[in-house]
Amino acid sequence: MDVNEVPLLEVRDLKVHFVIKKRIGGVKGVVRAVDGVSLKIRKGDVIALVGESGCGKTTLGKAIAGLVKPTEGTILWKGRDVWKMYREDPKGFFEYKLRVQYMPQDPYSAFNPSKTVFEILCTPLLKWKRVTSRAECIDYVLKILSDIKVTPPEEYIFRYPHQLSGGERQRILFALITSVEPDVVVADEPITAVDVALRVDLMNLMLEYWERRRVAYVFISHELASARYITEKTGGKIGVMYLGKFVEFGPPRAVIENPLHPYTQALVDAAPELDLEIARKKRLRLREVDIPSATNPPKGCRFHTRCPYAMDICTEKEPPLIEVENGRYVRCWLYAKR
Amino acid sequence: MEGVLELPPNVVLRAEDLSVVYKMPRGIARVVDRVTIDFRVGRVTAIVGESGSGKTMMASALMKLVPYPGKIEGRILFRSDLLGGVVDILKLSPKELRIIRWREIAMVFQGAQNSFNPTIKIKDHFLDTARAHGLDEKIALEKACKLLELVKLDPERVLESYPHQLSGGMKQRTLIALSLLLDPKVLILDEPTSALDLISQKVLIDLLKDIHERYHMTMIFITHDLPLIAGLAHYVAVMYAFKVVEFGPIDKIIRNPRHPYTVGLLKAIPPLRGELRFVKPIPGSHPDPVNPPPGCRFWPRCPLATDVCRKVEPKMVEVEKDHFVACHRWEEVEVSKLWT
Ligand SMILES: Nc1ncnc2c1ncn2[C@@H]1O[C@H](COP(=O)(O)OP(=O)(O)OP(=O)(O)O)[C@@H](O)[C@H]1O
Ligand SMILES: Nc1ncnc2c1ncn2[C@@H]1O[C@H](COP(=O)(O)OP(=O)(O)OP(=O)(O)O)[C@@H](O)[C@H]1O
Ligand code: SF4
Ligand SMILES: [Mg+2]
Ligand SMILES: [Mg+2]
């Protein structure tokens, strides 16, 4: 790949802070949901974001898709600043929003419960002018449903969201998101609410689509084995987030089999495994079980309050994100020059 | 007058021919269908199976708490200390039920972390439970502090908090502390980790392991995630289509599964390490409780199905010590040859 090629999407030192107001005037605090993230996404790249609840995965995903405005930093679409486009070139911004689609964490929020599958799937096709007539729409929707193996499609088009199983709902949501042929799909926890036995099915659907269209995925999950499955099959990367920042980034095998950051090590210790010998031995080695508040993140290395290896410097100075191997990054004083 | 009920010494709770039946306009739904299962004293038994297979219904039936208008059939034998012997839970009076629920068998219901009363403090949740079962308030609070510490929470902070001030993982741990308030000897946990992220999940699993080691409690852990309980459970019951299709010690279930569905479940889960090319989803979908397939319920999805499977329902047989399977072709089941 040409390193000088302009990426599809680039995130530069992104910060998204939420101000929490007191009931009667004044500011109670600032949540640093995303606090300095940089990332490049090229055609067909797959990046899995993992980390525990509240670490900023959804906020980063939404910012990538232009759904929340950054507090600081920039997002470039094919080299152009998207929030500048928003003010100066609405058409360009529209094109970016069309090309980068966000698949929400809560599938119910994406579906209007009083609309049938047909009406749901029609809406974006008409909105983004993919079809012009209702007749054309019917053919298109039937084709979409048989592509995602929701069969027989004629039966499903008249169903309402509550008449779908968890797996079917996610498939239809995926079909809805991809019906406008995006270049980047931000899939926010697509498998979390799905039965373990059906997760692979959904991921395989995403992989088939990737094979066909070389779409780029930002795959958000707190499930490490699934993050590995989707990234290893696509030559992608795993990004481990902690309190608004990447603490480790790299190819799945390296990250899982040889985790460098103590937080990544904790995630690997936490991930369920079927191997009974490993499963019976594995224990979390965190000093504190609960994550500190994102309103007031710890000074120095944000992980130091829970880290079993924390040293003096960790409580004072924030470690830089350094490249330890080609394409492998870690933010920890155990690996950085002091 | 019935004869005296009995249970083997190593069994504390037994469901016998247990069914849960709903009459609905579109037909009769047996959402638990003639299940027989033993829960061993001081052991952790996991009930696994996909969504809708009847796990919650079976667990609720064990406490005679199925949602109206479900009817429970069969027997549930329980060795009760407070009632002085083995009883059939389904035959108990409301008063007797009140005695054993919470004090002898406690259950953390699926999604219960969302059903905390948002207007009262955690402290009052503990006090309410204590009062309902005649436990002294002062003793209850002292105990609450100990239990909250046990589940790695700061008692002073948590007792004075309202539910919304706690994270999902903290709420779930609080619930576990609450369920232990009256020292039950059987604890039923229905999907206690499914809404939690992986660190909170593991914290909870490690805790349950500590609690089990400390109190040797009998636990029933319901989940759709088999790897999750690999390090915790001693026995596994695999449910498919409202029936238990395989039961045995976890080592046997994972290393020598004899039911094609169990093999399918094991293969459908991507491993954290090792090869990915053996990962295969189970094709087809789970049946509806009204009109399930005749014969073996798994035949429409089973690669080994024959005519017999389509017509005759397989019986549970003991294929090796303590390991039971309901499949006509269990002898031919080979992990490497199914869903290749
Ligand atoms: N609109 C908002 N206003 C205020 N705070 C917010 C808002 N959205 C998110 N936050 C806070 O920002 C932080 C990051 O939230 P985010 O939803 O991005 O996390 P996440 O990693 O997606 O978590 P989860 O795994 O629970 O989905 C959290 O502390 C959250 O409470
Ligand atoms: N109140 C009810 N009336 C009639 N049928 C019900 C009722 N509640 C659940 N069912 C049906 O009973 C069957 C078993 O449901 P149950 O909740 O026990 O499944 P489960 O294995 O616990 O699933 P999950 O993993 O989704 O919690 C399902 O087919 C469900 O649709
Ligand atoms: S009984 Fe037959 S259909 Fe059922 S699981 Fe065994 S082989 Fe498959
Ligand atoms: Mg999220
Ligand atoms: Mg359930």
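**Close-up views of a predicted two-chain model**

**Figure 1. Confidence of the predicted model.** Chain B has a mean pLDDT of 94, and 99% of its residues reach 70 or more. The model shown here is predicted. For the complex, the predictor gives an ipTM of 0.91 and a pTM of 0.93.

**Figure 2. The magnesium ion (ligand 5) and its protein donors in chain B.** The ion has T56(B), through OG1, and Q110(B), through OE1, as its protein donors. These donors lie 1.9 to 2.2 Å from the ion. T56(B) belongs to helix α1 of chain B (residues 55-62), whereas Q110(B) belongs to the loop between β6 (105-108) and α3 (122-132) of chain B; the pair therefore ties together parts that are 54 residues apart in sequence. T56(B) is partly exposed, with a relative accessibility of 30%. Q110(B) also counts as partly exposed, at 43% relative accessibility.

**Figure 3. The magnesium ion (ligand 4) and its protein donors in chain A.** OG1 of T58(A) and OE1 of Q105(A) are the protein donors of this ion, and they lie 1.9 to 2.4 Å from it. Because T58(A) is in helix α1 of chain A (residues 57-64) and Q105(A) is in the loop between β6 and α4 (107-110) of chain A, the pair ties together parts that are 47 residues apart in sequence. The relative accessible area of T58(A) is 24%, and this residue is partly exposed. Q105(A) is partly exposed as well, with a relative accessible area of 41%.

**Figure 4. Strand β6 of chain A and its pairing with strand β7 of chain A.** Strand β6(A) comprises residues 100-103. V100(A) and Y102(A) point one way from the strand, while Q101(A) and M103(A) point the other way. All four of these residues, V100(A), Q101(A), Y102(A) and M103(A), are buried.

**Figure 5. A helix from chain A crossing a helix from chain B.** The crossing of α12(A) and α7(B) is left-handed.

Methods:
Residues are numbered from 1 along each chain as its sequence is written. Chains are lettered from A and ligands numbered from 1 in the order in which they are written. This is a predicted model: local features need pLDDT of at least 70, side-chain atom pairs count only at pLDDT 80 or more; totals for chains, interfaces and linings use all residues. Side-chain values use heavy atoms; hydrogens and water are left out. Donors are N, O and S atoms within 2.8 Å of the metal (3.2 Å for Na, K and Ca); water is not among the atoms, so sites may look incomplete. Helices (H or I, at least four residues) and strands (E, at least two) are DSSP runs, numbered from the N terminus. Buried means under 20% relative accessible area, exposed over 50%, partly exposed in between (1.4 Å probe, protein chains only). pLDDT is the predictor's confidence in each residue, from 0 to 100. Two strands pair if DSSP finds at least two bridges between them. Axes are lines fitted to C-alpha atoms, for helices over the stretch in contact, and angles run from 0 to 180 degrees between N-to-C directions. A crossing is left-handed if the near helix is turned anticlockwise from the far one by less than a right angle, and right-handed if clockwise.
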